[in-house]
Amino acid sequence: MDAILSFRDIGKQFYGNRVLSGVSFDVAAGQIIGLVGENGAGKSTLMKILFSMPEIHETGGYEGSILWNGSEVKFKTPFDALDAGIGMVHQEFSLIPGFTTTENILLNRESLHRSVLTDIFSTRISMLDRENMALRSKKAIAKLGVTLDPNMLIKEMPVGHKQFTEIARELCRDKVKLIVLDEPSAVLTESEAEVLLSSLRLLANEGIAIIFISHRLREIVDLCDQIVVLRDGQKISELPAKGSSVKTIASLMVGRSVETQGQTDVADTYMNYGSSEPIALSVEQLWVDMPGETVRNVAFSVRKGEIFGIGGLAGQGKLGIPNGIMGLSPSGGNVKLHGKPMQLGSPYAALKRGLAFVSEDRRGVGLLLDEGIDWNIAFSAMQIQNKFLKPLLGGLFQWRSDREMLNLANEYIKLLEIKCTGARQRVGNLSGGNQQKVCLAKAFALRPDILFVSEPTRGIDVGAKLVVLETLKKYNSEYGATIIMISSELEELRSICKRIAIVYEGRIEGILPHTAPLDEFGVLMAGAKSETQQGGRSEN
Amino acid sequence: MKKLRLFLIENSVVITFIVLLAIAIPASKLPGQFLLQEILTRLGRSSFLVISLLLPIMAGMGLNFGMVLGAMAGQIGLIFISDWGVIGIPGLLLAMIISLPISVILGWLCGSIMNKAKGREMVTGYILAFFMNGVYMLFALYAMGIIIPVLNLELLLSRGFGLRNVIDLINVRQCLETFIPLKIAGVNIPVLNYLIIAAVGIFIVWFRKTKFGQDMRAAGQDRAVASAAGISVDRTRIFAIIISTVLAGFGQIIFLQNMGTINTTNSHEQTGLFAIASLLIGGASVTKASIPNALIGVILFHLLFLVAPMAGKNLVGSAMIGEYFRQFVSYGVIALALVLYEWKRVAQEDASRAMLRGGVAPDKGKVNTL
Amino acid sequence: MEQIKRFLSDFGLPRIIIAVFLLALFMMAPAVGVNVPDALKDVFNRFGMNGILVLALIPMIQAGCGLNFGLPLGIIAGLLGATISIEMGYVGAYGFFFAILTALSFGSFFGLAYGALLNRVKGGEMMIATYVGLSSVMLMQIGWLALPYKSAVMIYGFSGEGLRPTISVDGFWRNILDNFMSIKIYDIFDNMVVTISDFWAYIPGIKWYGKIPGNDIGKWLYEPKLIFAFPTGTILLFLFVALIVWAFFHMKTGTAMTAVGSNPIYARAAGINVNRMRTISVMLSTMLGAMGIIVYQQSFGFIQLYDGPLYMAFPAIAAILIGGARVNKASLPNVFTGVILYQGILVMTPLIFNAMLKLDMSDVIRIIVSQGMILYALTRKTKVLK
Amino acid sequence: MSPRSLFQRMCVVLALIAIATFLFYIGKGHTLFIDTNALTVGDNELRSYASATVIVNGKKLNSSMGRAERSMVVVGGPKHTIEIVDDADTDRRVTKKLTIPTFMNKVIVSIPAIIGDCPEEYWITPFIPPSMVDVPVEKMQQQNTLP
């Protein structure tokens, strides 16, 4: 089989940050390639390079070459790639809700009746040839081997049909040879996913190559011919799907080597860490309605003074846990703080009870970009705990003390080494790492008993990373505060937490001591454990 | 039963106004023939303006408060033919041809500015109309007679430049209405007006079926998806506004030839308000409007317009209260439509977020064992 | 340094053009024979008159509700206060403050309802505000006709029902603030005489300020010529209200409001009730609008009912934008510079144009400057924090 | 833009201009002053009927015209027919075609000249209004009050 698409030594760095290096593999006609890897392993960057997305050009292009049908290509825009015969189905639906299936499949590629007006004004003044459009869309749907009503409106469709419409849209291009599917089954029910997989097999039999990106390793193993595993921007392995097990792939994804880092303590001691300490926070039956990070049923408890880690792949729900408990997303369940039940759904109540949260969405939730550092740090403490306020006229008015706020800000600037021109500098002008430090300072200013830290090192440089992690440790040891850290980076969790819970599909898949071998984490993250223990899960 | 309820909810505005009129028309004690004559005339002169609002709504740009720009262009056309002394239907056609390039330029300007203020097209259009009014006054009160030569000195103020406050359109007055005379039971029917409105209706229907119309609908529903599919959303939106502006210009010409005079500086001011209020009273919303909405709206709005003062006098003893009530309705119905629209939008945002839940809340963490 | 830079970038080209234009007008004024002290008097007068109306925009901008195109609602509250005060027959300072208090209480009610409405239409506030303002003016037209006012100075003489479109406040509280401690410069027999209000003139010791020595003010046959007057009371009240607004934004609640405007999600995460803050801001805005129109009326001399308030929001909005405010950020300096620049243009252009070209283009220039400014602000890219 | 469509667009623009010119030509309004004043051409003095009915483009003027009268009618376009009937003897009628220059706004149409069979240049003459009287004071005042 000749390769229709080959990647040759693809590399890419963003602002000196290497995200891909030396990735090469081939895709042959009619072949289904499964592309797997953790978040940040470089899957989406690779696809962006293939489609020549603007952000790739804007950040200085890429290294290596892409061969399409045997000759090197460099597409200028995504539309060039589409014209060449490469289709892409994105994770989010890219459909017009008020249009029918046919209209969506043929969006901007409608069949037209030509007329005199066409020449005078533009081709866009031509009438649509509805009959021909219906014909073309039927043909495309037929290729998928499913039944779709061509005249149904997208907004009235079940999710699965939307996904098929998207794929049909790519198939409808005249000479499509390759389709990239990014997490196509994430929103589907299992039966819908089953239908999708058989449609994809049908397509492959017709000679269309498919690159299939998924976190559902079971599907990968079932569907694909060949599996490419990426880790930290490098191709770790390429193996035939036949004969591979979910577990092998999972451990390839997270790294095979079991680094003990000189800590050979028995796992049990960590699992029973500080068993003499009282339980600070216990969570049962927690559900959180956070878009893209749904939590379905989570239970765990954390002891006083512990640093507890929560990990898992993106979209599995780990971020939903702190957002739900802190009242930022609609949530429910039993959460007890020092044994007393806590009111969910109110950020005020949570903060008042001594919880604090460093959000993963720094710029959106964490900061007032238009205000100074002093405001950002002191604001929550002022509003919740009436700090930095001077009562006037016997407490009738609460006057803001700008001087105290400034002092506090200066203190934290020194403590956390925030690089700035002064405590009044606009936070929007700080670098990502310094913004993160401001977020931490904001939480520390509240002196919380329990601190949620979500993705504290995402998108910041190495130096800042160290300071952030050290500060967290120090805060934990000095004030005996409980810290719950949520992170996508397993290594980071293992370096600071004693126990790490892994979230998969909105549930806690398992809790491991930080010394547990990496492949055990990998299995949990890929949900492989529950797939082998289906029975046990449903008793939940 | 459920269908009936849905029907009532969807047409609540229209039904409210019909009920209101059912009370007001008998109370006004105006003769039926008079009302019928007036409504037929007003339908003939105002519908075109209202129909000009349809395309921007389809393109997701809301109510085109910038249509006033088109009205200004139409007036400029009429001013020129009055100056040159071109009469009758050729005069009207010439006025339309003159207004065409002006409308296109103004529409392009309006569309480009609205593209810079995506998400607040309506308030931008509303302010733009005021701003252009200033520019128009500069043209009418200072440029005419100084920069632009005026042949017919009767149009000018005695100071030698600037247009008079009122321009008499004697040369083209009601030439459409009288072109095909038809009188049924003592009521004059402006046949040609209706033919023109039918033509623009057919144009709108046809346009919706073209590629352009399809692109406009796509851009109106989801800008991001449309532009990802390669549709140049910005250009499409500008085009929608240009067509709307051109039609508004023609509409204003038809409107003013019936009225017979131009108030140089403020004939266009109420155009937008009345057209938009009519459309909304006809049951349209900020995101959805049709030709029946426009026609029903014109009839209901103008009936209210006609009977309100007399009904007010007979019901509460003051014609002014009826008049003020009518004015309140013009503004109030727009306020109501905007509130309903934003309300729905906020609710929809919540609903679309809820859709991402993946059914969490109901089963509270029960495992999906499918 | 950064603050200077930020100020310059925020200041923007249109404002620089307007400032330079105004400066040029003032420099041209003596050359074309415009009476500069007279013009200055007018500018100061309008500064005091319009100041609080412009100030009224700050709370809503700061809380992220955008430009308050619904200011007419507050103005209606003010009109109710003024007419009720006159209806009761209160005159002088008592009448004036009664009017303000009544207006404030109406304003708080209206603001509460208006705020509740705006909370349901987040993101689309400006257009809704515009039409809420316009339709409330229209609805109130019926009110002015139908409400049972009885005072003979206000109702139509012949029918005895309904208020007149313009009601003079002469004999009630006309210029009551303007004259309070007002600094006036008279030309008396070619001598410049400075008086600080008649109030001071009667105090022994500084009596000579106000009178020509050896003459009694009541017995003058000679009418002294007023060269310049400074409306001290009006401006003092404006500054006092500005001080209150400034202080409010230095309190806990004001701080929270600013945060809501800056980033509502941040504020929510910090335990702030965002809707409550927005409602408070709308109430404040409406109440300030109500108070502002009364101050305006005491200078202007008339209460304008019916469609009088219809477009009252535009001059205020244009002024604050000219002063450098953005759709989501405004400060007191914005108000001060804005009112001076905008009212300066309004006063100076007709004077200069009339003197030079014998043309009154003030209407056109006012429309183009104010609407152009609003248009500019609307099309400027504002950071959407979401 | 392809040269073909550019050409076609130019054609559309030119066609529009042509239509506009044509509309101007056929729609240009003229004020006709129908005049029955006696006229001297060479040595002949031409006179109208004692009472004449004038029909312009098939439309009768409001009242019959005696001698030395003037009445006004507005017409559009360059070509018109005029019919003059002697009220005393309805069989005595003259029907002529008039061509009015496009840029002549106000035209005096001389009935005696038409009846008298003079050369066409006497039929119509441009109307020159008497010199302007002073403009009344109230027209000097202008008011433009706008929000």
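**Reading helices, sheets and contacts**

Reply: In helix H17 of chain A, the residues A:Gly433, A:Gln436, A:Lys437, A:Leu440 and A:Phe444 meet A:Ala464, A:Val467, A:Val468, A:Thr471 and A:Tyr475 of H18(A), where two residues are in contact if their C-beta atoms, placed from the backbone, lie within 7 Å. The helices (H or I, at least four residues) and strands (E, at least two) are DSSP runs, numbered from the N terminus. This is a predicted model, in which local features need pLDDT of at least 70 and side-chain atom pairs count only at pLDDT 80 or more, while totals for chains, interfaces and linings use all residues. Residues are numbered from 1 along each chain as its sequence is written, and chains are lettered from A and ligands numbered from 1 in the order in which they are written.

Me: At what angle do H17 and H18 of chain A pack?

Reply: Two packed helices are described by the angle between their axes and the distance between the axes. Axes are lines fitted to C-alpha atoms, for helices over the stretch in contact, and angles run from 0 to 180 degrees between N-to-C directions. Helix H17 (residues 432-445) and helix H18 (residues 462-479) of chain A pack at about 10 degrees, with their axes 10 Å apart. H17(A) and H18(A) are therefore roughly parallel to each other, given that angles under 35 degrees count as roughly parallel, over 145 as roughly antiparallel, 65 to 115 as roughly perpendicular and the rest as oblique. H17(A) passes H18(A) in a left-handed crossing; a crossing is left-handed if the near helix is turned anticlockwise from the far one by less than a right angle, and right-handed if clockwise.

Me: How are H3 and H12 of chain B placed, roughly parallel or roughly perpendicular?

Reply: Helix H3 (residues 32-51) and helix H12 (residues 269-281) of chain B pack at an angle of about 85 degrees, their axes being 9 Å apart, which makes H3(B) roughly perpendicular to H12(B). On the H3(B) side the contact is made by B:Ser46, B:Leu49 and B:Val50, and on the H12(B) side by B:Thr271, B:Ala275, B:Ser278 and B:Leu279. By class, this contact of H3(B) with H12(B) has 4 nonpolar, 3 polar and no charged residues.

Me: At what angle do H2 and H12 of chain C pack?

Reply: For helix H2 (residues 36-55) and helix H12 (residues 274-300) of chain C the angle is about 165 degrees, and the axes are 7 Å apart, which makes H2(C) roughly antiparallel to H12(C). H2(C) passes H12(C) in a left-handed crossing. The residues of the contact of H2(C) with H12(C) divide into 10 nonpolar, 6 polar and no charged.

Me: Now to sheets: in what order do the strands of the open sheet of chain A stand?

Reply: Strands of a sheet pair through backbone hydrogen bonds, either parallel or antiparallel. In practice, two strands pair if DSSP finds at least two bridges between them. The open sheet of chain A has 4 strands in the order E2-E1-E4-E5, with antiparallel pairing. Strand E2 (17-28) and strand E5 (71-73) of chain A stand at the edges with a single partner strand each, so one side of each is left without a neighbour in the sheet. From one strand to the next, the twist averages 30 degrees. Strand E4 (residues 63-68) of chain A pairs with E5(A) in the antiparallel sense over 3 bridges, and A:Leu67 stands opposite A:Glu72 in E5(A).

Me: What is the pairing in the open sheet of chain D?

Reply: The pairing is mixed, and the 4 strands follow the order E6-E1-E9-E10. Strand E1 (residues 29-35) of chain D and E6(D) pair in the antiparallel sense over 7 bridges, with D:Thr31 opposite D:Val74 in E6(D).

Me: How many residues does the contact between chains B and C take from each chain?

Reply: The contact takes 34 residues from chain B and 29 residues from chain C. H14(B) supplies the largest share of the side of chain B that touches chain C, 15 residues.

Note on methods
Ala, Val, Leu, Ile, Met, Phe, Trp, Tyr, Cys and Pro count as nonpolar, Asp, Glu, Lys and Arg as charged, and the others, Gly among them, as polar.
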